[in-house]
Amino acid sequence: MSIVPAAAQVLAVLRYLARQAAPVPAAAISRDVGLPRSTTYHLLDTLTADGFVVHLPEERRYALGVSAFELGSGYSRQAPFQRLARVPLARLVDRTGHNAHLAVLHGREVLYLIEERAPGRAPLVTEVGVRLPAQLTASGRAMLSLLPTAQVRALFPDAEAFVQRTEVGGPRSLTALRARLVEVRRRGYATEEGEVTLGFSSVAAAVTDRADHPVAGVAVTFESGALDEAQREVLAQEVARTARELSRRVGGR
């Protein structure tokens, strides 16, 4: 695959600006992106002319512009991630015979984008558009396990953040959650046992982008007594296989 240097530089600047909490000076962009100052100014002038970057002259800083927002809005309208995930998720259902779903993190909740139901399986709470506490779900734990410690702490600052759904109960403190997430990282997948819906269990793995940031969670849900330990391990590997495929599809490693 051939790379156009100028295009790569433009994308690097836009990605850098998107990661910043506030507008930044051109010198910081030049330094952190690794571009000559003259190149940085030429790129910023071009991006500003097209509305992808806005220049704040009084502050001598730059930020993302309206065109960048429109680009992100177009992504939301076209829902390409859901389109990319639909077929691999359907194949996962075919291979396992259990309901599968795809969720993304939304604050300290997960938001379900896709549910693929296996023939003859009961409907679940994980319908499209439903939100559930991330620390209780297998999908949420898979994604949380790959976030920086400080970000997890910010999402769960106190006891009130640890919402419960059933008497089985999930982690009720940051210490308990961290212990769960360490185990998820060790195994490479996450589980939950009756913490979302009594009598049902789930196994999930994270979909990651090129920076190894979790962008979604793939999960399969089944009746808790339906599978023995060996069968659950096979199921977990199938879920992880689908997550790896989706990671490749979105440009991850």
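Colleague: In this predicted model, which helix holds both R187 and E183?

Modeller: R187 and E183 are separated by about one helical turn, because they stand four residues apart in one helix. Their side chains meet in a salt bridge, 3.9 Å from N to O. The helix that holds both residues is α8, residues 174–187.

Colleague: Is R187 buried, partly exposed or exposed?

Modeller: Buried requires under 20% relative accessible area, and exposed requires over 50%. The relative accessibility of R187 is 30%, and E183 also has 30%. R187 therefore counts as partly exposed.

Colleague: Which residues are linked with R249 in a network of salt bridges?

Modeller: R249 and E245 lie four residues apart in helix α9, about one turn of the helix. Their closest N and O atoms are 3.6 Å apart in a salt bridge. The network links R249 with E245 and R91.

Colleague: Which side chain is joined to that of S202 by a polar contact?

Modeller: S202 lies in strand β7, residues 200–208, and counts as buried at 7% relative accessibility. Beyond its neighbours within four places in sequence, its contacts include A138, V220 and F222. The polar contact spans 2.7 Å, and the side chain joined to S202 is that of T221.

Terms used
Residues numbered from 1 in each chain as written. Predicted model: local features only at pLDDT ≥ 70, side-chain atom pairs only at ≥ 80, totals over all residues. Heavy atoms only, no water. Helix = DSSP H or I, 4+ residues; strand = E, 2+ residues; numbered from the N terminus. Buried < 20%, exposed > 50% of the residue type's maximum accessible area, 1.4 Å probe, protein only. Polar contact = N/O pair within 3.5 Å; in protein donor to acceptor, adjacent residues only side chain to side chain. Contact = heavy atoms within 4.5 Å. Salt bridge = Lys/Arg side-chain N within 4 Å of Asp/Glu carboxyl O.
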